[in-house]
Amino acid sequence: MDSIRIENLEVYCHHGVLKEENVLGQKFLVSLILYTDTREAGVQDDLACSLDYAEVSHFVEQKMKEKNFKLIEAAAEHLAEEVLHSFPRIEKIMVEIKKPWAPILLPLETVSVRIERGWTPVYLSVGSNMGDRRGQIEEAAEALQKDGKVKDFRMSALIETEPYGNVEQDDFLNGAIYLKTLYSPEELLRRIHEIEAAGKRERKIHWGPRTIDLDILLFGNEIVENEDLIIPHREMHLRQFVLEPLQEIAPWVRHPVFGLTVREMFQRIKEK
């Protein structure tokens, strides 16, 4: 992806663990790599088609000064999120904050923290087979849409499906959700569990009835395997009730392990 770089922007502000740092302040150097598509700006030669790096620089100075942090790690995290929220053209950002006057009583040039954050495309499955199924799905969707670390939310039509597994229960309403998020996979999983808990989801019977069920299917092209989370979802390619609504909103998206598109996986299920 193209990028615009701002290097060693000098900002005088009040971040630090020591009381003297909060009172007296000190100089910080902020560098940014702003990942964005510059093609239109390059072709049109028009600032309106690009990022105004002067505007970004003044914004960075304002955000660095408006709140004091003990750690430059926290200052970097805050700054990255604020920039990503305020400049829609930026898909990803690298933030480096250098502290030239770090109080360690030894000679040094700088101490710095560098992070990368960005909007990641995510696909979820959503389902319900208890109570007001549609209403519960809509409440979960609304909670995601209102989340400050989510944007570009889109949901498929809902389909009626028979329950999966060997548990006797009512039919499901199922759908698929697309969004972009600033959460990590683990953070998104925790947020999903909060939404399920608010919808009174109880995890008593495997594949059993539930008021609301949200699963992470794909998280960009990431592959995650740990005790709590597996991405891509281990059974998404086997479930028609997952693939049918997903292919409505993302037929061209490829499974990062199998290399098949959602439409190809859906067609294979239908043929079987």
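Q: Which residues touch the most other members of the largest nonpolar core?
A: Leu32, Leu34, Met64, Val83, Ile93, Val95 and Ile97 do, out of 30 residues in this core. The core draws at least two residues from each of S1 (3-13), S2 (26-35), H3 (53-66), H4 (72-86), S3 (92-99) and S4 (111-118). Helix H4 gives the largest share, 7 residues. Helices (H or I, at least four residues) and strands (E, at least two) are DSSP runs, numbered from the N terminus. This model is predicted: local features need pLDDT of at least 70, side-chain atom pairs count only at pLDDT 80 or more, and totals for chains, interfaces and linings use all residues. Residue numbers run from 1 along each chain as its sequence is written, and side-chain values use heavy atoms, without hydrogens or water.

Q: What makes a set of residues a nonpolar core?
A: The members are buried Ala, Val, Leu, Ile, Met, Phe, Trp, Tyr and Cys residues, joined through side-chain atoms within 4.5 Å. Buried means under 20% relative accessible area, exposed over 50%, and partly exposed in between (1.4 Å probe, protein chains only).

Q: Why is the pair of Phe59 and Phe87 called edge-to-face?
A: Ring centres of Phe, Tyr or Trp (its six-membered ring) must lie within 6.5 Å; planes under 30 degrees apart are stacked, over 60 edge-to-face, and the rest tilted. Phe59 and Phe87 are 5.3 Å apart, centre to centre, with 90° between the planes, so the pair counts as edge-to-face. Phe59 sits in H3 and Phe87 in the loop between H4 and S3, 28 residues apart. Both are buried.

Q: How do you know whether Tyr123 and Tyr178 are buried or exposed?
A: Tyr123 has a relative accessible area of 8%, so Tyr123 is buried. Tyr178 stands at 10%, so Tyr178 is buried too.

Q: What makes Lys92 count as lying over the face of Tyr35?
A: The rule asks for NZ of Lys or CZ of Arg within 6 Å of the ring centre and within 35 degrees of the ring normal. Lys92 lies over the face of Tyr35, at 4.6 Å from the ring centre.
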